[in-house]
Amino acid sequence: QMPKQSEKKRKHSKTPTKEDIDERKPAPKSRRTQRVSFQRRPKVMLLKPSLALKNTESRSMRKCIKDDMISMLKMQRDEIMEDDNLDNGFDFDTEDGRGQFLSLLSSSKKDHSTAVPSSCFALSTDKEYAFDEGVVVPRSFQFYLAVACGLPIVDISFLESHSKKKRLGIMNHQHYPFPSIDKKKMAEEEKATHVIGASNHNWYAPQKATSAAIERHSLWTSGEGIHSSSDTLLPGTDLLQNYSVILLGDFDQPSVSKRVAKKKAKSSETTSDGSCTKGNITVLLQLCGANVYDVTSMAAPKHIKKGLSKSQLTDVASLSPLGHLAGSPTLKDVLQSYFESIVDTDEKVVAMVKDKSDTKLGTDFLAQFKSFASDSNDDGVIDVVSCDWLFDCIGDFQVHKSG
């Protein structure tokens with residue numbers, strides 16, 4: 001069969017046919033936002049136990065995890081239902097638990113780790129007050145932990161908003177939700193979801209802590225600052241970097257029940273809600289850069305009240321700071337140096353007890369130890385502080401007077 005005339009002409013014509021044009025058209029771009037290589041899925045830490053979450057809050061969290069928007073900041077365990085667990089699971093009352101937490105948030109020069117505030121954030125589900133400027137939350141150990149780490153803190157509405165945007169396909173270039181750290185570039189809608197403080201604390205303490213943690217990391221990566229010689233940078237803000245803290249007396253027992261803790265919290269204006277365990281206080285002090293000397297492991301309160309023997313004082317004098325390598329200054333070294341140069345030094349030494357009712361225990365110990373460990377006749381005084389002093393320093397992100 002002979003081709004028609006029009007087909008013959010088209011065969012030798014340079015004019016593209018409709019089929020040619022369709023073939024040259026670029027494939028339509030997918031509406032799904034491609035994952036950007038520099039974005040990292042953020043790790044999230046809750047400010048309260050998951051058992052206390054409302055059903056709607058728990059579902060929102062699990063939906064975001066299932067959609068690969070976030071992962072939980074938690075200890076890795078070989079449990080069958082581990083993926084269903086929203087709590088961090090770290091036992092700060094063991095040296096291993098504290099070590100695992102600090103290691104998880106550490107930065108290494110070998111893998112060019114980003115700063116903790118750029119890869120993790122904390123999530124609150126409680127509000128004391130809500131303003132256009134941000135959210136004020138109740139006091140809690142988890143709040144102080146997040147601030148001491150320098151983590152940005154947001155209300156759960158921040159996550160719910162991003163989850164909704166993802167469903168609608170309007171996440172733009174941002175594959176993962178992460179709080180804006182630069183306040184000037186922050187949208188008004190997001191600003192209202194940021195936690196700016198806790199009850200009876202100064203506003204914007206979390207933001208100051210985040211800035212301090214980022215600056216600390218920046219100095220370290222550029223080979224500057226007090227951590228420049230270290231290949232690994234532990235998390236923290238160095239709020240109390242010049243402090244040596246002596247732990248004395250009894251602290252809350254780790255086994256205190258949640259029900260008793262809630263009753264205490266309601267009946268007291270202090271933070272004595274069962275969270276003042278020695279391990280909790282230790283990890284906060286370490287995140288703030290303080291050297292921690294645990295005298296409670298060597299000298300019980302009854303022994304201090306009775307009067308420590310020379311053998312006991314010798315053991316106490318040889319104590320090294322928790323979590324530090326061998327060769328770190330002993331407690332005797334620290335106190336001798338402090339008393340001999342008390343006028344010229346930036347170094348600070350305080351004794352810490354659970355609450356003010358144990359202040360006399362602290363002064364008794366210091367009097368006994370000074371006469372044993374120091375030959376100085378200086379009348380220098382070491383202040384005795386309570387856990388509330390530490391909470392106030394972190395909650396306001398400001399070092400308060402210890403006297």
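Helices (H or I, at least four residues) and strands (E, at least two) are DSSP runs, numbered from the N terminus. The model is predicted: local features need pLDDT of at least 70, side-chain atom pairs count only at pLDDT 80 or more, and totals for chains, interfaces and linings use all residues. Residues are numbered from 1 along each chain as its sequence is written, and side-chain values use heavy atoms, without hydrogens and water.

**View 1. Lining of the second largest pocket.** Helix H4 (95-104) gives the most to this lining, with five residues. Strand S9 (232-233) and helix H10 (278-287) each supply at least two. The lining divides into nine nonpolar residues, 13 polar and four charged. Here Ala, Val, Leu, Ile, Met, Phe, Trp, Tyr, Cys and Pro count as nonpolar, Asp, Glu, Lys and Arg as charged, and the others, Gly among them, as polar.

**View 2. The Phe92 and Phe101 pair.** Rings of Phe, Tyr and Trp (its six-membered ring) pair if their centres lie within 6.5 Å; planes under 30 degrees apart count as stacked, over 60 as edge-to-face and the rest as tilted. The structure holds 15 such pairs. Phe92 is buried at 5% relative accessibility (buried: under 20% relative accessible area; exposed: over 50%; partly exposed: in between; 1.4 Å probe, protein chains only). Phe101 is buried at 1%.

**View 3. The Tyr144 and Phe391 pair.** The ring centres lie 4.7 Å apart and the planes at 15°, so Tyr144 and Phe391 are stacked. Tyr144 sits in helix H5 (residues 141-149) and Phe391 in helix H15 (residues 387-396), 247 residues apart.
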